[in-house]
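Subject: Handover of a structure

Dear colleague,

Please find the structure below, together with its sequence. My notes on it follow.

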Amino acid sequence: AFLKVQDGCNQFCSYCIIPYTRGRVRSRRPEDVEREVRELAEAGYQEIVLTGIHLSSYGLDFPEGERQTLLDLILRLEKVEKIKRIRLGSLEPRIVTEEFAKALASSEKICPHFHLSLQSGCDATLARMNRKYTTEEYENACSILRKNFTHPAITTDVIVGFPGETEEEFAQTKEYLKRIHFYEMHIFKYSRRQGTRAAVMEHQVPEEIKTKRSAQLLALAESMSREFRAYYVGKEEEVLFEEPMEVDGETWYTGYTKEYVKIAAKTEEPLDNVMKRGRVEAALTDEIYRMKL
């Protein structure tokens, strides 16, 4: 079940129209979120995904004496007994502190799957984007997660062809992505949004160059993703199965590990909304690994 716990954004990235169309940060009251989570748990949901336009800003809009953080909300929801997994939506890298990571790592319910929005691996480009962190700060956040979790899935977004992005800046980004080594990367070609500062910036990158750069990063993303999933071959993992699928005329049940690796198992019994452990064997398709229960 997906729960939107926050709306709006105060960041004003130069390419983004959201603060103008969605307004400033607005957070749902924690007791309201908890009530819905308890209702979902009673209805049979075992995993919840917390989402928002700028999830890391959760609680910033509450009155001074009632300040709450995203971590406060997570620890509150963790106490709902029938919920077995809590997964987080997109986060700002600056939210990842030692305290934040240690608190999450101490919970058996938190999925070690972290989507940290990056957008560029070049500090000059990040500055033009009006992102509020540096590549060094971002890398530090990834290091903290990897120190506190055994093999966390770290995923990200990258924009290619942002106004003013030179070949040298793109090369910096590509090398940075290789070094961080993500599980998955969502690659977007920069697209003008009227009303944003980036739309009127000089040195707009031609479409054919954006396409070429995008292709390079998509190939890199595919390679890193394969490597991440292959790590689990031979390991025993827990999967929350969701639905059946047909492969070469055979029925397999598919679901996800806590790290969001898609797994399939062949079984005679229906496994809808069933959690099971098994040994990961090998790739079944390009993106799905098979498991022996």
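Strand β9 (residues 236-247) and strand β12 (residues 275-283) run antiparallel and are joined by 5 bridges. Strands and helices here are DSSP runs, numbered from the N terminus: strands are E runs of at least two residues, and helices are H or I runs of at least four. Two strands pair if DSSP finds at least two bridges between them. One of the bridges links Leu240 to its partner Met275 in β12. Both strands belong to a barrel that 5 strands close in the order β9-β10-β11-β13-β12, with mixed pairing. On average, neighbouring strands of this sheet are turned by 50° against each other, direction ignored; the axes are lines fitted to C-alpha atoms. Strands of a sheet pair through backbone hydrogen bonds, either parallel or antiparallel.

Please note that this is a predicted model, in which local features need pLDDT of at least 70 and side-chain atom pairs count only at pLDDT 80 or more, while totals for chains, interfaces and linings use all residues. Residues are numbered from 1 along each chain as its sequence is written, and side-chain values use heavy atoms, with hydrogens and water left out.

A parallel pairing is found between strand β5 (residues 90-91) and β6, over 2 bridges. Leu91 has Leu116 as its bridge partner in β6. Strand β6 (residues 113-116) is covered on both faces: His113 and His115 are buried on one side, Phe114 and Leu116 on the other. Buried means under 20% relative accessible area, exposed means over 50%, and partly exposed lies in between (1.4 Å probe, protein chains only). In a regular strand the side chains alternate between the two faces of the sheet.

The largest nonpolar core has 62 residues, of which Tyr15, Leu50, Leu88, Leu91, Leu104, Phe182 and Met185 touch the most other members. Such a core is a set of buried Ala, Val, Leu, Ile, Met, Phe, Trp, Tyr and Cys residues joined through side-chain atoms within 4.5 Å. Apart from it lies another core of 14 residues, including Tyr183, Phe241, Ala265 and Val280. The contacts of Tyr15, not counting residues up to four places away in sequence, include Gln119, Met129, Ile159 and Phe162; contact means heavy atoms within 4.5 Å.

The structure also holds 12 aromatic pairs. Rings of Phe, Tyr and Trp (its six-membered ring) pair if their centres lie within 6.5 Å; planes under 30 degrees apart count as stacked, over 60 as edge-to-face and the rest as tilted. Phe12 and Tyr20 are edge-to-face, because their ring centres are 5.4 Å apart and their planes stand at 80°. Phe12 is partly exposed, with a relative accessible area of 23%. Tyr58 and Phe62 also form an edge-to-face pair, with 5.8 Å from centre to centre and 85° between the planes, and both residues are buried. One aromatic cluster is formed by Tyr133, Tyr138, Tyr176 and Phe182.

How many disulfides are there? The count comes to 0, where a disulfide is a pair of cysteine sulfur atoms within 2.5 Å. The cysteine sulfur closest to that of Cys9 belongs to Cys13 and is 6.3 Å away, so it is too far for a bond. Likewise, the sulfur of Cys13 is 6.2 Å from its closest cysteine sulfur, in Cys16, and this is too far for a bond. Cys9 is buried, with a relative accessible area of 9%, and Cys13 counts as buried at 11%.

Yours sincerely

Definitions and conventions
Axes are lines fitted to C-alpha atoms, for helices over the stretch in contact, and angles run from 0 to 180 degrees between N-to-C directions.
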